[in-house]
Amino acid sequence: MANHKSALKRIRSNEAKRLRNKYQHKTTRNAVRDLRTIEDKKDAEGKLNTVISMLDKLAKNNIIHKNKAANLKSKLTKHVAAL
């Protein structure tokens, strides 16, 4: 167990950040999955902007790699354009 006050605080803050990152990542994955199941082009275009914003935020905060975000955005954009 940690011996320093700062180490105890670091443990608490790391756990809080881990849970927040996990929640944001899972929410984004669900949004991507939902976007792939949409059949209507107009609905998909509206949802695409939201999902792209979510991916950009995850990449900005290093929750996912920036290239992974770029690849997902590209694939989702192609998918929506093909509807």
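Predicted model: local features only at pLDDT ≥ 70, side-chain atom pairs only at ≥ 80, totals over all residues.
Biologist: Fine. Which residues have the most contacts inside the largest nonpolar core?

Modeller: Those are L35, V51, L55, I64 and L76, in a core that has 16 residues. The helices α1 (5-37), α2 (41-60) and α3 (66-82) each supply at least two residues of this core.

Biologist: And which helix gives the most to it?

Modeller: That is α2, which contributes six residues to the core. As background, nonpolar side chains in soluble globular proteins tend to be buried together.

Biologist: You listed I64 there; what is I64 in contact with, leaving aside its neighbours within four places in sequence?

Modeller: With that exclusion, I64 is in contact with H25, L55, L58, A59 and A69.

Biologist: Let's move to the helix pairs. Are α1 and α2 parallel or antiparallel?

Modeller: Their axes come within 10 Å and cross at roughly 155°, and because angles over 145 degrees count as roughly antiparallel, α1 and α2 are roughly antiparallel to each other. The crossing of α1 and α2 is left-handed.

Biologist: Which residues make that contact?

Modeller: From α1 the contact takes Q24, H25, T27, T28, A31, V32, D34 and L35, and from α2 it takes A44, K47, L48, V51, M54, L55 and L58. Sorted by class, the contact of α1 with α2 has nine nonpolar, four polar and two charged residues.

Biologist: Next pair, then: how do α2 and α3 pack?

Modeller: They pack at an angle of about 175°, with their axes 10 Å apart, so α2 and α3 are also described as roughly antiparallel to each other. On the α2 side the contact is made by K41, A44, E45, L48, V51, I52, L55, D56 and A59, and on the α3 side by K66, A69, L72, K73, L76, T77, V80 and A81.

Biologist: How many charged residues does the contact of α2 with α3 have?

Modeller: The contact of α2 with α3 has five charged residues, along with 11 nonpolar and one polar.

Biologist: That leaves α1 and α3. Parallel or antiparallel?

Modeller: The axes of α1 and α3 come within 10 Å and cross at roughly 20°, and since angles under 35 degrees count as roughly parallel, these two helices are roughly parallel to each other. In handedness, α1 passes α3 in a left-handed crossing.

Biologist: Which residues meet there?

Modeller: V32, L35 and R36 in α1 meet L72, L76, H79 and V80 in α3. The residues of this contact of α1 with α3 divide into five nonpolar, one polar and one charged.

Biologist: Changing topic, where is N62 found?

Modeller: N62 is found in the loop between α2 and α3. Its phi is near 60°, a positive value in a residue other than glycine.

Biologist: And is N62 buried or exposed?

Modeller: N62 counts as exposed because its relative accessibility is 69%, the cut-off for exposed being over 50%.

Methods. Residues numbered from 1 in each chain as written. Heavy atoms only, no water. Core = buried A, V, L, I, M, F, W, Y, C linked by side-chain atoms within 4.5 Å. Buried < 20%, exposed > 50% of the residue type's maximum accessible area, 1.4 Å probe, protein only. Helix = DSSP H or I, 4+ residues; strand = E, 2+ residues; numbered from the N terminus. Contact = heavy atoms within 4.5 Å. Axes fitted to C-alpha atoms, helices over the stretch in contact; angles between N-to-C directions. Parallel < 35°, antiparallel > 145°, perpendicular 65-115°, else oblique. Left-handed = near helix turned anticlockwise from the far one by under 90°. Nonpolar A, V, L, I, M, F, W, Y, C, P; charged D, E, K, R; others polar.
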